[in-house]
Amino acid sequence: MLFWALAGTTFTFLMTALGAATVFFFRREITPAIQRLFLGFAAGVMIAASVWSLLIPAIEEAEESGVPGYLPATGGFILGVAFLLLLDKALPHLHHDDPRVPKAKRSKRTALLMIAMTLHNIPEGMAVGLAFARAAQNEGGVLWLSAAGALALGIGIQNFPEGAAISLPLRQEGNSRSRAFLEGCLSGSVEPIFGVLAAIVAGSVAPLMPWFLSFAAGAMMVVVVEELIPEARLDQSAHAGTLSVMFGFLLMMVLDVALG
């Protein structure tokens, strides 16, 4: 059971790393217009992931256990929003256009992005770990194992654009390609850790999964609304930022629905 949980979540982590590696394809300095496209793309990916990867599964899992789906979805979402807003208060409010602010410290937005995406990857890793734990606990394990493998494959493919959505904004903040890649990978490294932990304590963790999922959704939406979309729409005379949000949203929606 633990071997398969580790194998499944390692695959999802590697797909995040593969997405983060897209940062190496951009050899030149990223222009402000391209920066806005990347931020809009990240926003669209995160909105779709919040709905189809987090909130809808939270509602469905709660209803399967006999709990009204809106209760953990609403409660967890509010807790996630509150957590990120408090974290936002704790981070320094730096103005990216202020030349007096050292370039290395202009990172509040990307710090919040990293935290939100990492929180999002925790319940995904737990979901894969729990799927393999159920496969080991049920008779007819081949069918359950196939279902767990399909879940890991679906989440892994979804993780590719998510990895890019982290590393590309990190690069446009002035980080080196290697650092942007490594930090993008770090956001996905929690999946094998929490996947194996969830498989070990499957019975006690499963009832809390709807709360974990909706908590991550709330955290992600704060970053989207407060940080990513405003930055992507700085150039009000053009629609590129808006279109990049829509593209990221549609891409993630199609992946979630097709592979869910």
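**Buried, bridged and tilted**

Modeller: Let's start with glutamate 183, which counts as buried at 17% relative accessibility. Keep in mind that this is a predicted model.

Biologist: What makes glutamate 183 buried at 17%?

Modeller: The cut-off does. Buried means under 20% relative accessible area, and glutamate 183 has 17%, so it counts as buried.

Biologist: And arginine 179, why is that one called partly exposed?

Modeller: Its relative accessibility is 49%.

Biologist: On to the rings. How many aromatic pairs does a search of the whole structure find?

Modeller: Five. One of them is phenylalanine 83 with phenylalanine 215.

Biologist: Why is that pair called tilted?

Modeller: The ring centres are 5.6 Å apart and the planes are at 45 degrees. Pairing needs centres within 6.5 Å, and planes under 30 degrees apart would be stacked, over 60 edge-to-face.

Biologist: What makes it a link between distant parts of the chain?

Modeller: Phenylalanine 83 is in helix H3 (residues 70–90) and phenylalanine 215 is in helix H9 (residues 209–232), 132 residues apart.

Biologist: Are those two phenylalanines buried or partly exposed?

Modeller: Partly exposed: phenylalanine 83 has 34% relative accessibility, and phenylalanine 215 has 22%.

Biologist: Which residues does glycine 76 touch, leaving out those up to four places away in sequence?

Modeller: Trp211, Ser214 and Phe215. Glycine 76 is found in helix H3. With a relative accessible area of 0%, glycine 76 is buried.

Biologist: How do you know that the side chains of glutamate 191 and threonine 12 make a polar contact?

Modeller: The distance is 2.4 Å, and the limit for such a pair of N or O atoms is 3.5 Å. Glutamate 191 lies in helix H7 (residues 190–200). Its relative accessible area is 0%, so glutamate 191 is buried. Beyond its neighbours within four places in sequence, glutamate 191 has contacts that include Thr9, Phe13, Asn121 and Asn159.

Biologist: Now the whole chain. What is its secondary structure?

Modeller: The protein chain has 10 helices and zero strands. Of its 260 residues, 50% count as buried. Among contacts between residues at least 6 apart in sequence, 85% join residues at least 24 apart.

Biologist: How confident is the predictor, going by pLDDT?

Modeller: The chain averages 82, and 87% of the residues score at least 70. Over residues 94–105, though, pLDDT is below 50; this stretch has 13 contacts in the model beyond near neighbours in sequence.

Biologist: Why not read such a stretch in detail?

Modeller: Where pLDDT is low, the predicted coordinates should not be read in detail.

Technical notes: Residues are numbered from 1 along each chain as its sequence is written. This is a predicted model: local features need pLDDT of at least 70, side-chain atom pairs count only at pLDDT 80 or more; totals for chains, interfaces and linings use all residues. Side-chain values use heavy atoms; hydrogens and water are left out. Rings of Phe, Tyr and Trp (its six-membered ring) pair if their centres lie within 6.5 Å; planes under 30 degrees apart count as stacked, over 60 as edge-to-face and the rest as tilted. Helices (H or I, at least four residues) and strands (E, at least two) are DSSP runs, numbered from the N terminus. Buried means under 20% relative accessible area, exposed over 50%, partly exposed in between (1.4 Å probe, protein chains only). A polar contact is a pair of N or O atoms within 3.5 Å; within protein, one must be able to donate a hydrogen and the other to accept it, and residues adjacent in sequence count only if both atoms are side-chain atoms. Contact means heavy atoms within 4.5 Å. pLDDT is the predictor's confidence in each residue, from 0 to 100.
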